[in-house]
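User: Please take a close look at strand pairing in this model and at the helices beside the strands. Give the cut-offs as you go.

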Amino acid sequence: MADTKEILELERRHFWPPYTQASVYFASEHPVIERADGVFLYDTEGNRYYDMISSWWVNLHGHNHPVINAAIAEQVQKVSHCAMASLTNEPAVRLAAELAELCPPDLSRVFFSDDGSTAVEVAMKMAFQYFHNKGVTGRTRFAAFTGAYHGDTLGTVALGGVDLFHKLFKPTLIPVHRAPAPPCHACPHGRVRTDCDAECFAAIEEALLPHVGELVAVIVEPVVQGAVGMQMYSPKVLTALRRFCDKHDILLIDDEVAMAFGRTGRTFAFEHAGIVPDIVCAAKGLTGGYLPLAVTIASEEIYQSFLGEAGGTKTFYHGHSFTGNPLGAAAARASMRIYREERLPQREERLRAFSEMMETFSDKAWAHDVRWIGMVGALDIKANDGTAFDPALGVGRMVSARALREGVYLRPLGDTIYFLPPLSITRDEMLDMAARVGRAVESVLADIGTLGG
Ligand code: PLP
């Protein structure tokens, strides 16, 4: 067994933690994860934690899955990596074909990269060059929603609309037009997202209309805006946006990095809207959460526009060292096989159990805007009267620490906690996990003296 103290000491000296204020991170001890199985993570001290966030939204079928393990073990004996330039490899090519099969017919061309951010970067460059290839000039800008999150590279940061993460970098960024995200948490039209007519699209249209002549593409997180706080909106907004893009000859980029492969109860979240985007980005769950691999899936029309002479300006000069990595592709093929065969997200009983779990919070006075779609749920921790806590209090952070003691690994977004477990989680596990989360929240609120009836 690893020496916990030694690992933590080495970490304190040499590791730079992501998305975290290091001085806070290193002020307390945290679990050193040694192994994982199903929906559980185990640390070096023998403690067990529910992986309530699928290890940053990546794990699909549970950890240590025998089918994915076997696929990687088999592939590693053959070839772990080879360049995909003048060479090709079977796992990547078969995966591309299988992904095309999973998509509507027109989404037929798969471009590989490494993670969600690179998948979106590829989409941006592809979309821009598509207009160049067609001889259309003046299309140089992208549009995205307020509160958007599309990654951490500078191109994707430009698309982002979460001030905490993105504002600082503004002087370095390409200008992006901003449309107001559907405000479903407090609908100004008095509707609810599950029963509305996308009245908020009028404001989106108003924001975009002055720019249609210069827009390359509008990019969206479909149905759920994740990083800003798992804000959910009506698929009808996407349907209206597709119509708008068609009318003005603008591409629609659908960033499914977080939501693809069943999270929302459909294979791709865009399916809720009955639309077909021009470009789809996927990553995270693609390999079942085992290895970094991403895809940007484009329509045949976009692909065809890139065909031309060798050395000509229609060539897509983009690629990454690990493009089409065979190990990642083998893991992804295994994950997609499990996905196809088990149809986990579509199983009614699992979706019902998830609803049942989320409903356990509906009578908690501190749980506000309890919301879910498919197997993604969230709630905002607030005072009983709905007043948000002072962010300086760090209620979310306290809940996260307390939840670890209750055996649950969660990552709050401010004071929003969300439930995005592996799709393989059972009903009993869901209900047990939710009860532990409830205890963690209530013990924090009792400590700060705000736990009421
Ligand atoms: N797009 C969306 C919608 C995301 O949620 C994320 C990450 O959370 C990304 C892109 C970036 O993915 P990655 O962290 O793999 O670069």
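Analyst: Two strands count as paired if DSSP finds at least two bridges between them; strands (E, at least two residues) and helices (H or I, at least four) are DSSP runs, numbered from the N terminus. The model is predicted, so local features need pLDDT of at least 70 and side-chain atom pairs pLDDT 80 or more, while totals for chains, interfaces and linings use all residues. Residues are numbered from 1 along each chain as its sequence is written, and side-chain values use heavy atoms, without hydrogens or water.

Strand β10 (residues 251–255) runs parallel to strand β11 (residues 279–282), and three bridges join them. Within this pairing, Asp-255 has Cys-281 of β11 as its bridge partner. Both strands belong to an open sheet of seven, ordered β4-β12-β11-β10-β7-β5-β6, with mixed pairing. At its edges stand β4 (107–113) and β6 (176–179); each has a single partner strand, so one side of each is left without a neighbour in the sheet. From one strand to the next the twist averages 20°.

Angles run from 0 to 180 degrees between N-to-C directions, and axes are lines fitted to C-alpha atoms, for helices over the stretch in contact. Helix α5 (residues 90–102) lies across β4 and β12 (294–299), running at about 140° to β4. Helix α6 (residues 116–134) also packs on the sheet, where it touches β4, β5 (141–145), β7 (215–220), β10, β11 and β12. The direction of α6 makes about 25° with that of β12.

A four-stranded open sheet, also of mixed pairing, has the order β1-β2-β3-β15. Its edge strands, β1 and β15, each pair on one side only. Strands β2 (residues 40–43) and β3 (residues 48–51) are antiparallel and share three bridges. Across this pairing, Phe-40 stands opposite Tyr-50, and Leu-41 has Tyr-49 as its bridge partner. The two strands form a hairpin with four residues between them, and Gly-46 in the turn has a positive phi of about 85°. On to β15 (residues 408–409): β3 runs parallel to this strand and is joined to it by two bridges, with Tyr-50 opposite Val-408. Helix α15 (residues 427–447) lies across β2, β3 and β15, at about 105° to β3.

Helices also pack on each other. The axes of α9 (residues 201–208) and α10 (residues 235–248) come within 10 Å and cross at roughly 30°. The two are therefore roughly parallel (angles under 35 degrees; over 145 is roughly antiparallel, 65 to 115 roughly perpendicular, the rest oblique). From α9, Phe-201, Ile-204, Glu-205 and Leu-208 meet Val-237, Ala-240, Leu-241 and Phe-244 of α10. These contact residues divide into seven nonpolar, no polar and one charged (Ala, Val, Leu, Ile, Met, Phe, Trp, Tyr, Cys and Pro count as nonpolar, Asp, Glu, Lys and Arg as charged, the others, Gly among them, as polar).

Lastly, the salt bridges (a side-chain nitrogen of Lys or Arg within 4 Å of a carboxyl oxygen of Asp or Glu) come to 22. One of them joins Lys-5 and Glu-29, at 3.6 Å from N to O. Lys-5 lies in helix α1 (residues 4–14) and Glu-29 in the loop between α2 (22–25) and β1 (33–37), so the pair ties together parts that are 24 residues apart in sequence.

Key. Contact = heavy atoms within 4.5 Å.
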